[in-house]
Amino acid sequence: MASELRVDKIVPTGGVPTGGGGSIIQTVQTVKTDTFATSSQPFTDITGLSATITPKFSTSKILVSYTLSISSNGFPMFKLLRGSTDIFVGDAASNRVRCFFGGYTGGLHPGLTLPVTGNFLDSPSTTSATTYKIQTGVVHTTGYTICVNRSLSDTDFNYHARTASSIVLMEVSA
């Protein structure tokens, strides 16, 4: 009996060039398991929560997926950046803060962490190394704290959590 190999398409190891239609070319992931806390009023990088990818094609898109575990006693805000450029924020509107997540969390239990998850499809138009990161800040007033991967109180009880956050980058052919 003869062997037979049938395929619809063979994708080269370097990925599918323009017109290839949505194939994943490469994936990069950063997982943050340590904690982070800030009372910064301007936005600041979340230490250890960035990822760098070097696209194989300038026509590729980068799918950014993120999962954060946060707690706060105030007004935490988060935004996504490519390098130093905001790429996933709302429109400018008077005094409102441009971000992808924000609001008052001060009424929550200090032992609670909340998930913040999402995706954004970016078109960086480059084949140079490109870094994506998430920034956070307390932008309303002083005296508030934002925590990542731990509860606000972070009390040493077996019912308080230590959590993880991640950012995943996927190069997608155009």
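This is a short talk on the salt bridges in the structure above.

A word on the source before the details. The model is predicted. A search over the whole structure turns up five salt bridges.

Start with Asp122 and Arg82. Their side chains form a salt bridge, 2.7 Å from N to O. Where do the two residues lie? Asp122 is in strand β8, residues 114-122. Arg82 is in strand β5, residues 76-82. The pair therefore ties together parts that are 40 residues apart in sequence. Now the accessibility. Asp122 is buried, with a relative accessible area of 5%. Arg82 is partly exposed, at 23%. The cut-off for buried is under 20%, so Arg82 at 23% does not count as buried.

Next, Asp86 and Lys79. This salt bridge runs between the two side chains at 3.3 Å, N to O. Is Lys79 buried or exposed? Lys79 is buried, with a relative accessible area of 11%. Asp86 counts as partly exposed, at 30% relative accessibility.

Last pair for today: Arg162 and Asp154. Their closest N and O atoms are 2.7 Å apart, and the two form a salt bridge. Arg162 has a relative accessible area of 57%. Exposed means over 50%, so Arg162 counts as exposed. Asp154 is at 25% relative accessibility, which makes this residue partly exposed.

To recap the partners. Asp122 is buried, and Arg82 is partly exposed. Lys79 is buried, and Asp86 is partly exposed. Arg162 is exposed, and Asp154 is partly exposed.

Definitions and conventions
Residues are numbered from 1 along each chain as its sequence is written. This is a predicted model: local features need pLDDT of at least 70, side-chain atom pairs count only at pLDDT 80 or more; totals for chains, interfaces and linings use all residues. Side-chain values use heavy atoms; hydrogens and water are left out. A salt bridge is a side-chain nitrogen of Lys or Arg within 4 Å of a carboxyl oxygen of Asp or Glu. Buried means under 20% relative accessible area, exposed over 50%, partly exposed in between (1.4 Å probe, protein chains only). Helices (H or I, at least four residues) and strands (E, at least two) are DSSP runs, numbered from the N terminus.
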